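Trainee: Could you take a close look at one part of this model for me, namely the salt bridges and the residues that form them?

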Amino acid sequence: MAKSKLVKGSEKIAEVVVGGYKKIEEGVVGGYQKIEDGAVGGFNTIADKFVVQFLTKEGETVEEARVRLEQVRLSGEEADECD
């Protein structure tokens, strides 16, 4: 069955509207992702500097200090559960 000009025109309009929406959505999501990456990256940089300055032991790397602190935290939680 042949489509009327009205139906064909409506479909073209719908395609343009959906395409425009997708471009806007990608722009917004992409912008949010950049902001989020910047915020998380900045936080991690500051957190690493804090660990280096105040929590590492002599010759210990940031990663080693984080592992050690996590072990201390977990052992503290286990001790709290026994109370």
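Mentor: Let us begin with E70, which at 35% relative accessibility counts as partly exposed, where buried means under 20% relative accessible area, exposed over 50%, and partly exposed in between (1.4 Å probe, protein chains only). Keep in mind that this is a predicted model, in which local features need pLDDT of at least 70 and side-chain atom pairs count only at pLDDT 80 or more, while totals for chains, interfaces and linings use all residues. Residues are numbered from 1 along each chain as its sequence is written, and side-chain values use heavy atoms, with hydrogens and water left out.

The side chain of E70 meets that of R73 in a salt bridge (2.5 Å, N to O), a term that requires a side-chain nitrogen of Lys or Arg within 4 Å of a carboxyl oxygen of Asp or Glu. R73 is likewise partly exposed, at 41%, and both residues lie in helix α2, 3 residues apart, about one turn of the helix; helices here are DSSP runs (H or I, at least four residues; strands are E, at least two), numbered from the N terminus.

By this rule the count comes to 3 salt bridges. Another of them joins R66 and D48, again at 2.5 Å from N to O, and this pair links distant parts of the chain, since R66 sits in helix α2 (residues 62-82) and D48 in helix α1 (residues 5-55), 18 residues apart. R66 is partly exposed with a relative accessible area of 37%, and D48 is partly exposed with 31%.

E60 and R68 also form a salt bridge, their closest N and O atoms being 3.0 Å apart, and here E60 is buried, with a relative accessible area of 19%.
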